[in-house]
Protein chains: 2
Amino acid sequence: MSDALFTDLYELTMMAGYLDAGRAEVEATFDLFFREPPAGIDVVVAAGLDPALDYLEQLAFDGGDIDYLRAQATLPDRFLEWLPQLRFTGEVWAVPEGTPVFGHEPLLRVTAPLGQAQLVETALLNRICYSSLVASNASQIVAAAGGKPILEFGARRAHGPNGALTAARAAIIGGCAATSNVQAGHLFDVPTSGTQAHSWIMAFESELEAFRAYARTFPGRCILLVDTYDTLGSGLPNAIIVARELARQGHRLAGIRLDSGDIGRLACHARRMLDDAGFADAKILASGDLDARSIARLEARGAPIDGYGVGTALVTARHDPTFSGVYKLAEIGGRPVLKISGSAEKTTSPGCKQVWRRDSVDVIGLADEALEGQPLLGHVMAGGRRLTGPVPLAELRERCLAAVAEMRPKILATGFQVRRSERLEALTTRLIRQLRNGSAKT
Amino acid sequence: MSDALFTDLYELTMMAGYLDAGRAEVEATFDLFFREPPAGIDVVVAAGLDPALDYLEQLAFDGGDIDYLRAQATLPDRFLEWLPQLRFTGEVWAVPEGTPVFGHEPLLRVTAPLGQAQLVETALLNRICYSSLVASNASQIVAAAGGKPILEFGARRAHGPNGALTAARAAIIGGCAATSNVQAGHLFDVPTSGTQAHSWIMAFESELEAFRAYARTFPGRCILLVDTYDTLGSGLPNAIIVARELARQGHRLAGIRLDSGDIGRLACHARRMLDDAGFADAKILASGDLDARSIARLEARGAPIDGYGVGTALVTARHDPTFSGVYKLAEIGGRPVLKISGSAEKTTSPGCKQVWRRDSVDVIGLADEALEGQPLLGHVMAGGRRLTGPVPLAELRERCLAAVAEMRPKILATGFQVRRSERLEALTTRLIRQLRNGSAKT
């Protein structure tokens, strides 16, 4: 089974129809964009481009796919005979991963024969929407932590194994420092992080014995989970006993982890106990259902926490798990088009577009305009082949951190404007008038 | 790279420590359970068991995994030499997929050498949590629709491609009638559904021409999307023109789809227009950001809708995207254990357990008790091998629909009780007292 089958059935029925109608080869341009950022997200960060381009480059139906489709008896034979030769031969312009983006700006623009350009809708949205959601979410959490490291702990809560890998990759782009997911570490060459769970403590006769056993195996990287029984009453005192034993062997306790209770208060007590015992260098990590809001509160209280593990809230985006990306036809056979039904807010933008970024404004214009500013969409695929290889995640992360650091204050303080160019505005108005006059309906 | 690497790093550091401490082979029992249902979910439906058992049966690290882990220089050599021979040899008891379950009841119980039982935590939670979330969510939406078919349209919003497949499978278990995802249709042998998008309409010179083209290719299964320009002003009249043309060729228009606007009002108008034109057999499908609540409202108003497509709300579980499953040590080396830190609500249940279901009460007891009722957990794996093959999804779906139909009224009307057996209660009390006395801490 090939990944080409990963598509909504309607993409196939439409392709079959386009082929019948002689329109499968007409050149079409689609935009992938979102309208509103997910709730609670100040800066939306584009991500998922690299997996999207991989998908496009490898797109091909195999014999098993065709056999399956034929057995369903929903699609015409002529289409099923045509399908095996299909490859993606189009061109793609896109915003680089890690770039802050705004509603209605194309993150990705596909120009290809209509059949191909339509087919890839589902897979492209699948690759871009969730990645952009997690990267945006990670960026928000990283900002809340004021630059302290955020560790992504979401593998158990993501949508299946591949969902967790997608999340880990996007979280790093958004600024996370490491993932707990070892497979993601290997696949994407990013740092991994992890020590022990409550079950480790419970698997020994006593907490102290459990701490000692961990320190024996990992004397140089020993972080102890102190909240299994009684954080301040037993966890911290036992951790300090082990820290002294490690010190006698020439090692330093790397730190402790708090995973429940009033984390801010416990961190203050823990810091004082560790400092008083001579372990001012032992770090305090916090985890346990944290999100951007709770981390911001801890930071505002000046909690002496050195890093945060975030799982559920990061990968499920509990505040708003929906990145409502859409993929809309903008031009067909050289003719710019738009959709006007539903609310005015849902009217799409016609034509082949580019976005120009200036200091405090983005202008969405037609691609053949020469506007002032930095064009956001770059040419990433021609004739169905990538024009450049993947960018290392560490580099995407650095770029994203820098770009968000520049953009966030503009959005929060002075406001950042997004507007359409005069030509795009005029084209839109003209097409809406034509549609209202009914010329496209019958 | 094998799927064995899909795990949180701390599972590996713990395994390495257990091996060093001579505890890797001590027999341990873990429970996988949740505490509170996701917000807005009346009946939680267990799902994801089949992929979980597949993972356990195939668990093995390959040479590339070991090379990667060695290059990280975090894990001891002795552990990396031991790891390649590791297989899952334990036993699993589990609640069948599609069964209604309650907080604190084990959905899955793993008994295995501690090293193995610990390793599989992340992957088991990943398989079970999200599947159970979507199955529960699907079940809620199916109930809201009062038995009308629900089509799963979520591929574009799920966490990556595999997330979408996981969602499609769980949605069918929860009662959905079909998926839009063709790969899911093939993989799981379930019905697929889909017709055309707004881009189809926009790709032709006019809406009427677009409808006619679709009807030419799919005369026997023609469902027309009527809201691209003006639902009642052009979409419906054009659909009726095409319905008449189809009728002249001996076909019947299968239906129309509404995807925006005031769906209830539009459905009433559409029904009247279709009926008046002699197409009372044409179905009305609705989609467009629907969820259990909006569907329940439409049904309460008696909207003449024959089926619903649900995407985002179903697969992202927007009302609450978190199924907070946990995996907790319950017994080690024959010694029942529990964790008491954090809130009382988070105290875990000790010992090897079973759940007995009676008419209006579930009793969680110790596995060696002989309690009245139907035991919920069945023996599904012994010596690391599955005891039965996978159950066809269509069968799981039927079972789930029947079980939920029986359970939902009990929960909503009379209340359904979950309690612990006297022996489990006494054991829990005794262990908490011991812990409070400090015997497990030092």
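Colleague: Which domains does the assignment give for chain A?

Modeller: This is a predicted model, where local features need pLDDT of at least 70, side-chain atom pairs count only at pLDDT 80 or more, and totals for chains, interfaces and linings use all residues. Residues are numbered from 1 along each chain as its sequence is written, while chains are lettered from A and ligands numbered from 1 in the order in which they are written. The bounds come from an automatic or database domain assignment. For chain A that gives domain 1 (3-132 + 322-436) and domain 2 (135-316).

Colleague: How many residues does each domain of chain A bring to the contact between them?

Modeller: Taken over C-alpha atoms, the centres of domain 1 and domain 2 of chain A are 38 Å from each other. Two residues count as in contact if their C-beta atoms, placed from the backbone, lie within 7 Å. On that basis, domain 1 of chain A brings 20 residues and domain 2 of chain A brings 16 residues.

Colleague: And which element gives the most to the domain 1 side of chain A?

Modeller: Helices (H or I, at least four residues) and strands (E, at least two) are DSSP runs, numbered from the N terminus. Strand S2 (44-45), helix H6 (121-144) and helix H15 (393-414) of chain A each supply at least two residues there. The top contributor, with seven residues, is H15(A).

Colleague: OK, what rotation puts chain B on chain A?

Modeller: In general, two copies of a chain are related by a rotation about an axis and a shift along it. Here the copies are superposed by least squares on the C-alpha atoms of residues with pLDDT of at least 70 in both. The shift along the axis is 0.0 Å and the RMSD 0.0 Å, with a rotation of 180 degrees. That's the relation of a two-fold axis.

Colleague: How are the residues on the chain B side of the contact with chain A divided by class?

Modeller: Chain B puts 93 residues into that contact and chain A 92 residues; helix H1 (residues 9-20) of chain B gives the most to its side, with eight residues. For the classes, Ala, Val, Leu, Ile, Met, Phe, Trp, Tyr, Cys and Pro count as nonpolar, Asp, Glu, Lys and Arg as charged, and the others, Gly among them, as polar. The chain B side comes out as 40 nonpolar, 37 polar and 16 charged.
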